[in-house]
Amino acid sequence: MEITPIEDLKITPDVVQPYPDPSVGREAVIVIDNGSYQCRAGWMLKDRPALTFRNLLAKPRKDRNKKDVETTAVPVTQIGNDIVNLESMRMQLRTQFDRNVVTHYNVQEQIMDYIFTKLGINAENAVPHRVMLTECLFNPNYCRSLMSELLFECYDVPGIAYGVDGLFSFYSNQRPKNGLIVATGYHTTHVIPVMAGRMVVENVRRVNVGGSHMIAFLHRCLQLKYTIHMNAITLSRCEMLLHRYGEFAYDYLESLRNWAGIEYYEQNIRKIQLPFNQPAAVTTLTSEQKVEKKKELSRRLAEINARRREERMAQDEEQLALLQQLEESAEDGDDISDGLAEQGLKDIGELKRMITTVNTRIEKARTKLLAQGAGSSQPQQDTDKLMQPPANMTIEQWVEETRRKREAILEKRNARKQRKADLAKRRTAAAQERMRIISHLARKEKGSDDFGMRDEDWDVYKQISRDEDSDLEQESVRLLECEIILKQYDATYEDPVMLTGTTAELHQLHLGVECIRAPEILFQPSIIGLHEAGVAETIDYVLKLFPPEQRLSLIGNIFVTGGCAKIRGLKERLTREMRELLPFQARFEIDIAREPTLDGWNGASKFCLTETFRQSLITRRTYEECGGEYLKEHFNSNVYFPTPKTAGGSMVFPSSGGSVG
């Protein structure tokens with residue numbers, strides 16, 4: 001499986017454009033697509049916007065602890081692409097938007113300053129160019145009024161025209177006059193029906209899910225999955241992962257079942273390498289040095305085992321002395337019932353059997369210690385003997401046999417670990433069987449059912465665990481011997497002690513089902529706790545608001561635009577959803593915008609060449625006569641609804657003549 005290093009967002013600061021641009025002239029229109037995610041600004045007649053930047057502002061806070069700072073030292077405000085590292089200034093970021101509506105005009109003013117400065121406009125106290133500006137669908141009159149006031153009063157622009165980015169994208173792609181626009185944004189998604197080239201306002205519906213929700217959901221999923229890397233999993237990186245690896249599942253439930261399978265998981269998992277600090281490079285060891293290191297480890301292990309044996313032998317000798325003392329007291333005719341009870345013995349017969357058992361254990365330990373002491377005097381001979389294959393085997397057969405022995409030891413060790421984990425859980429079959437055996441032995445030893453009521457009863461556990469220690473020691477020694485042989489003769493063997501890649505593996509993200517879970521919230525907002533319909537259900541609801549003959553013309557031209565349209569699989573998923581919603585064999589067509597994120601700006605730029613644009617301009621005179629909220633409608637704009645006039649503190653609605661206090 002290929003491991004892909006994570007790529008941080010690379011931002012290049014914008015440069016000041018030459019002004020005036022000879023290719024557009026002084027009468028050119030400034031086109032600004034003021035999106036809640038990105039702002040795109042430039043001159044009409046251009047193929048692409050001159051500026052594309054995140055609609056963000058960062059103003060570092062003053063350090064109150066530094067009292068000696070000069071009063072003239074003001075924190076530098078950074079805007080758009082001047083913010084090279086978003087994550088380092090995440091807490092200082094500000095935006096002019098509340099969802100998709102501009103509400104913070106102090107920030108918007110600084111964004112406008114940035115745009116006009118980078119476009120090179122240096123006219124004194126004014127911007128001598130008309131402005132084509134996009135706004136959100138159903139922008140409140142009050143917000144439009146403040147935007148017009150900002151542009152006319154602060155920048156003295158000669159004229160403004162407003163439009164909707166989703167409609168401009170529809171216009172840029174030269175779609176038929178009847179159709180259904182699915183405009184996916186950063187905070188919201190709109191389903192916009194268009195009949196005869198005009199938006200059917202009363203049938204537009206909104207889904208409060210967009211790209212920001214997908215990024216936040218993926219961010220939360222990965223942080224919960226990899227809590228140890230919580231600081232390394234940033235929103236900017238999750239945004240990159242979503243756009244690169246995210247996709248809409250054609251059948252979400254079927255995809256979940258596929259990801260639950262081990263084989264599918266192994267074939268489709270994506271491994272992302274997070275940055276990490278590589279530990280200091282270890283001096284490369286030769287094969288002879290590695291063999292010597294293994295010998296040293298073997299010797300250390302032998303020393304540890306020898307100390308343990310000595311400690312146990314000392315305990316056994318102490319116990320043997322007590323048992324022999326009890327035996328002598330019994331031969332002298334003394335009452336030793338209390339002593340037998342302390343040792344957990346019932347009679348003299350058990351005492352003698354216990355003496356024999358302890359004595360045998362001491363002799364075995366002493367024999368092992370003597371054998372180890374004799375062997376330590378000839379370490380080189382033992383190593384040479386270990387590294388030689390038997391006479392009846394070739395080296396290949398010997399290596400294969402050693403590999404099988406090592407795997408058997410590891411399987412046995414893993415099974416023991418699993419059994420120990422099962423024993424730690426009360427209700428597992430292994431734990432219940434162990435408790436049954438212990439209780440049976442205790443009743444057999446004590447002759448009663450009150451096992452566990454006394455502290456000495458728990459010595460049974462010590463007795464059971466002690467019998468396993470010697471096997472573990474021999475197993476560790478055999479495993480070390482196998483590893484020494486394989487390291488010397490098996491080129492494919494990887495020494496776990498010498499591996500340095502484990503640090504990198506600990507800093508990897510495994511992207512699996514998260515790639516389809518994050519985009520899925522566009523169709524199932526309930527995944528993130530939103531109690532509203534998904535985009536497919538919303539489309540079905542909008543279509544049912546039209547008569548059947550108009551419904552056919554709408555589904556024949558379903559147009560998808562916006563940033564989320566760049567995520568793979570959206571067209572295929574939407575096709576499947578529409579096939580399930582529409583009648584049998586209903587013909588429909590779904591198309592994705594050529595450039596989902598730029599077509600809004602491109603459409604606005606083309607619109608500036610039309611006569612309709614000149615007729616829809618709001619001049620300074622119109623602004624002063626009709627107010628800042630006034631809008632000249634056109635086929636790419638919002639519909640203008642005048643704000644009801646107030647009289648004597650009451651709001652008068654022209655349609656009904658009534659009032660609301």
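What is the volume of the largest cavity? In this predicted model, the largest cavity has a volume of about 100 Å³. The structure holds 2 cavities of 30 Å³ or more. A total of 15 residues line the largest cavity, and those that lie nearest its centre are V102, T134, E135, N139 and M147.

E153 pairs with R620 in a salt bridge, with the closest N and O atoms 3.4 Å apart. Because E153 sits in helix α2 and R620 in helix α22 (residues 620-626), the pair ties together parts of the protein that are 467 residues apart in sequence. For the structure as a whole, the count of salt bridges comes to 29, where a side-chain nitrogen of Lys or Arg must lie within 4 Å of a carboxyl oxygen of Asp or Glu.

One of its members, E328, is found in helix α8.

Two features of the backbone are also worth a look. Most peptide bonds are trans, and most residues other than glycine have a negative phi. Against that background, the bond that joins Y19 and P20 is a cis peptide bond, with omega at about -5°. P20 belongs to the loop between β1 (3-5) and β2 (30-34). The other case is L45, a residue other than glycine with a positive phi, near 75°. L45 is likewise placed in a loop, here the one between β3 (38-43) and β4 (51-54).

Key. Residues are numbered from 1 along each chain as its sequence is written. This is a predicted model: local features need pLDDT of at least 70, side-chain atom pairs count only at pLDDT 80 or more; totals for chains, interfaces and linings use all residues. Side-chain values use heavy atoms; hydrogens and water are left out. Helices (H or I, at least four residues) and strands (E, at least two) are DSSP runs, numbered from the N terminus. On a 1 Å grid over the protein atoms alone, a cavity is a set of points where a 1.4 Å probe fits but cannot get out, and a pocket is an open set with protein on both sides within 12 Å along at least five of seven lines; lining residues have an atom within 4 Å of a point. Grid points are joined across faces, edges and corners, and a volume is the space filled by probe spheres set on the points.
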